[in-house]
Amino acid sequence: MYTVKEAAEKMGISEHTLRSWAKSGFFPFVTGNQNNIRQFSENDLDWIKIVKCLRAVGTDNKSIKRYIDLCIIGDSTIRERYEIIKETKHKALQQMSELKNQLSLLDYKEKFYQNLIKGNLKDTWNPMNNQEKENAVS
């Protein structure tokens, strides 16, 4: 069994986040010890893992709670849970595509700056340098 602090550390999230998720009802089987301190089991860590994944993609709390409720209901909800996961995966793939585009631009800019440093050239990508041109023309 893990305390909030231990579970948070193990799962790579903050204690505040874990407490917030617990208050949202994301961990239906978390128990409290004799001092009413939350205790997370290995099974609860699996719940944290899926919640962390869903949140990372931007799934809202209401949808996460719905997914968890469906899990608790059981196998009769498999098709609906599948649709939720499929939609979430689609969102993740879109985000990954956007990140690849951003990385591509950052790679370009990194090489651009390396060339500037080597050749001591003027930074034509800096909007401030373009502003100076506009001011000179005015």
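Start at W47, which is buried at a relative accessible area of 13%. Keep in mind that this is a predicted model.

F29 and W47 form a tilted aromatic pair, 6.2 Å centre to centre and with 50 degrees between the planes.

Next, select F27 and F40. Both are buried. Their rings also pair, this time edge-to-face, at 5.8 Å centre to centre and 75 degrees between the planes. F27 lies in the loop between α2 and β1 (31-32), and F40 in the loop between β2 and α3; 13 residues separate them.

Step back to helix α2, residues 15-23. Color L18, W21 and A22: these are buried. They share one side of α2, because they cover an arc of only 100 degrees around the axis. Turn to the other side of α2 to find H16 and K23, which are exposed. Now show what covers the buried residues of α2: the cover includes α1 (4-11), β2 (38-39) and α3 (42-56). After α2 comes G25, with a positive phi near 85 degrees.

Move on to helix α5, residues 78-119, and pick T88. T88 counts as buried because its relative accessibility is 8%, and the cut-off is under 20%. Beyond its neighbours within four places in sequence, T88 contacts L54, V57 and T59.

Last stop: select Y108, F112 and Y113. Ring pairs join these residues into a cluster. In total, the structure holds four aromatic pairs.

How values were computed: Residues numbered from 1 in each chain as written. Predicted model: local features only at pLDDT ≥ 70, side-chain atom pairs only at ≥ 80, totals over all residues. Heavy atoms only, no water. Helix = DSSP H or I, 4+ residues; strand = E, 2+ residues; numbered from the N terminus. Buried < 20%, exposed > 50% of the residue type's maximum accessible area, 1.4 Å probe, protein only. Contact = heavy atoms within 4.5 Å. Arc of directions from axis to C-beta. Phe/Tyr/Trp six-rings, centres within 6.5 Å; stacked < 30°, edge-to-face > 60°.
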